[in-house]
Amino acid sequence: MKVAAIQHDIVWQTPRANFEHLAPMIAGAAAGGARLVLLTEMYATGFGIETAAIAEAPGGPSTQFLCEHATRHGCWIGASLPERSAADHTALPYNTFVLAAPDGELHRYNKIHPFSYAHEHEHFASGSAHVIVDIEGLRCALFVCYDLRFADEFWAVAPDVDAYLVPANWPAARRHHWRSLLVARAIENQAYVVGCNRVGTTPGGLVYAGDSMIVDPLGEVLASAAHTETALIAEIDRNAVVNTRARYPFLRDRR
């Protein structure tokens, strides 16, 4: 299956401008044969903690955009966005990875580890459940950005996962960590990792280098890019996961 990670800039807290910018990039990835298209963390607003301004109700404009284009292009599209609880709109919102299927079905994962270094935990609630989605025979686990630092979360689901999807807003100041951890998670879990990070600069001066990657179960980088907007596309195959784990049965030795 072809997977695309769209490494893009973000117009700060202006969803409509980002929708207009991303629409042709998604169309191009789908035309190139991508069955799964991954965008970045808080793809429509940029990573921020101003929840009164950016948080949306479930099914809000950012979710509608993902659903509309997944249906239009007949592919899966995922990204994270700030979303209020459906049960209690007065509670802290979640940083939610929304994955839209071609038929309009939605899957949601709430980021388990808010980024406390930037005070995300004071403005966003923590998720508590892992989410694995079968995408045309490929078992995909959904994570978001800072989750990447917590190997135990990835280990917990490894036996049931072929690919980890990780949208991010990971600053260039720690780009070596991002690149190293993406490869490490692939090697130690013998699974694909698709990391999609933004490029550009925020009004506060944070710089993002991208460094998006698609990594195979042996830790080989199939596609990568830095600094510029682009769509990374690579073929991923569940058989590669099965064969790698059969040849090197390391997972069974975990305690």
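Helix H5 covers residues 175-189, and its 15 residues should span 21 Å at 1.5 Å a residue, which agrees with its end C-alpha atoms being 21 Å apart. The expected span here is 1.5 Å times one less than the number of residues, and helices are DSSP runs (H or I, at least four residues), strands likewise (E, at least two), numbered from the N terminus. This is a predicted model, where local features need pLDDT of at least 70, side-chain atom pairs count only at pLDDT 80 or more, and totals for chains, interfaces and linings use all residues. Residues are numbered from 1 along each chain as its sequence is written, and side-chain values use heavy atoms, without hydrogens or water.

Now look at how H5 sits in the model. Its buried residues are Trp178, Leu181, Leu182, Val183, Arg185, Ala186 and Asn189; buried means under 20% relative accessible area, exposed over 50%, partly exposed in between (1.4 Å probe, protein chains only). Among the elements covering them are helix H4 (151-157), strand E8 (163-168) and helix H6 (238-247).

Strand E4 (residues 94-100) holds threonine 96, which is buried with a relative accessible area of 0%. Beyond its neighbours within four places in sequence, threonine 96 is in contact (heavy atoms within 4.5 Å) with Ala79, Ser80, Leu81, Glu83, Arg108, Tyr109 and Asn110.

Finally, turn to the pairing of H1 and H3. In H1, Phe19, Leu22, Ala23, Ile26, Ala27 and Ala30 meet Pro61, Ser62, Phe65, His69 and His73 in H3.
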